[in-house]
Amino acid sequence: LGLCLFVGNASAELPQLVSHNGVEQLHVEGAPFLILGGELGNSSASNREQLQPHWETFQTLGINTILAPINWEMIEPNEGNFDFSSLDWLIEDAREHDIKLVILWFGSWKNSMSSYVPAWVKRDWKRFPRVQTADGNTTEILSAFSDTNVNTDANAYAAMMKHLKMVDAEQNTVIMVQVENEIGMLPDAREHGPIAEKTWAGNVPQQLIEHLIANEDALTPEVRKIWTTHGKKTAGSWADVFGKTPAAEEIFTAWHYAIYADKVAKAGKSEYNLPMYVNAALDRPNVLPGKYPSGGPLPHLLDIWKAGAPNIDFLAPDIYYPNYVERVSEYVRPGNALFIPEANRAGRIESGPDLLYSIGELDAIGYSPFAIDSIEDAKNEPLGQAYKMLSDLAPHILELQGTDHLRAFRPTSNYEGELDLSDRTAIFGNYEFTISFGSPWRDKSEQSPSAYGAMIIQTNDEEFYIAGRGVTVKFKSLNTDGSVAGIESAINGEFIEGEWKAGRWFNGDQTHQGRHILLDTEKYSIQKVKLYTYQ
Ligand code: N0T
């Protein structure tokens, strides 16, 4: 035992999710870790030379994790013959740049379709059946109702995980794996092939019913409503229990996708037990199931996925809509680690506020804009400044996630992209903070509020880090003795190798003669603020 403590310490603990203050955090090499990530374009990891120049850009951006696809067609070019070179060089290059990886398993499904399956699967459509639509057409989507399909995918995935264990269990360059990508049925809410029809007419599995009963009070409103409307039946066909509507068909689809993804994940975990998740392409408002990619781990189907896929550690949203805050909040639920594997898209000024809000307000384990390799000018990229700032603050953030000593604020937007710039308030102990977006000193027309946001970290009763961009903060004392809140000091600074290094002492015009804190509108910055009260 003594020996174990000193030898192979890096492999002592695999990446895993650990609960802290009631929220799920990701541990890497035995310590909590924030994913300051970026996802590669779909074809960018298919050629080593062409990806090569981007690694330095990722480093300049302060990225600590790259999300990279691994294509089934490339790792199993012939059935049972594996070629892991596309995984091996990715790991080598990531290590060389001190960057971690999340592997995206582009297997049976990539955005509904099955274009990443090997040629021998594509061509053998008799052995690997496709989805048949209501109008009798077939599609390039593998059927979820074929044991051959799921077993063949699971076999390839398990082989990949086995290989990963061999090459990476000591170093943990790969910290998580995404199973498939944006699974979702189109153009109908469910499949219509012979097995799918027979299954639709059969009984709802007991595993699903039991989950509904056990979680009755915690079900999402949509599932609860559909189940209740049909009399909360505890047995019967899908149509008996959920009805015959597209919404009922989508539940059926979600269940079968969930158990498929679960089989794949389970086979992988039995080789190498890394955290695994499934991502969702979010639906649009007022569009019926079948007209958007249906049955994926969408907010209204999370219960079905949780019931069907116990080997999937969490369900994650890809957010391309302007109402980021609204959509991301739908994935905040007990036991579901919050991770945003894709956000629209690298290079947008909203990325910084999205990031601060997800990590500081919703306790996310990480954030990762899509098409990160499309960024060329890393030095002037605001996301890079935000990443640098968060990696400095990470020890405080990771300690305080799940408590009310860590908060974040940003302007919110509706689906149409209209910003709500109203002030926000927050209480920290005996102080009330009012957060306004923008600088009172600059013309409104010169400001870009969608780039503004702040994280507030309380380190002591009267001590805070206020970090971000373009935010004004005022203070009120909540003491009942008539005392007034004042700023004792506000010091602009940064962290160097984990140590706070004071820069300028802010006062005078920079604090409006002691009246408020103002974070620069042009760049991210941190102020260490001490408050006091007087009468
Ligand atoms: C994503 C990406 C990639 C404004 C699209 C997002 C990625 C996949 N799908 O570039 O294909 O692999 O997961 C779909 C979001 C569409 C909504 C756009 C509304």
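Visitor: Which helix lies across S14, S19 and S20?
Guide: This is a predicted model: local features need pLDDT of at least 70, side-chain atom pairs 80 or more, and totals for chains, interfaces and linings use all residues. Residues are numbered from 1 along each chain as its sequence is written, and side-chain values use heavy atoms, without hydrogens and water. Strand S19 spans 453-460 and strand S20 spans 463-469. Running at about 155° to S14 (fitted C-alpha axes, N-to-C directions, 0 to 180 degrees), the helix, residues 351-361, is H15.

Visitor: Which helix touches S14, S19, S20, S22 and S25?
Guide: This helix packs on the sheet (contact: heavy atoms within 4.5 Å). Its direction makes about 30° with that of S19. Residues 382-400 form it: H16.

Visitor: Which are the edge strands of the sheet?
Guide: The open sheet has 6 strands (DSSP runs of E, at least two residues; pairing needs at least two bridges). Their order is S14-S19-S20-S25-S22-S23, with antiparallel pairing. Each edge strand pairs on one side only: S14 (406-409) and S23 (499-506).

Visitor: What is the bridge partner of Ile496 in S23?
Guide: S22, residues 484-496, pairs with S23 over 6 bridges in the antiparallel sense. Ile496 has as its partner in S23 Glu499.

Key. Helix = DSSP H or I, 4+ residues; strand = E, 2+ residues; numbered from the N terminus.
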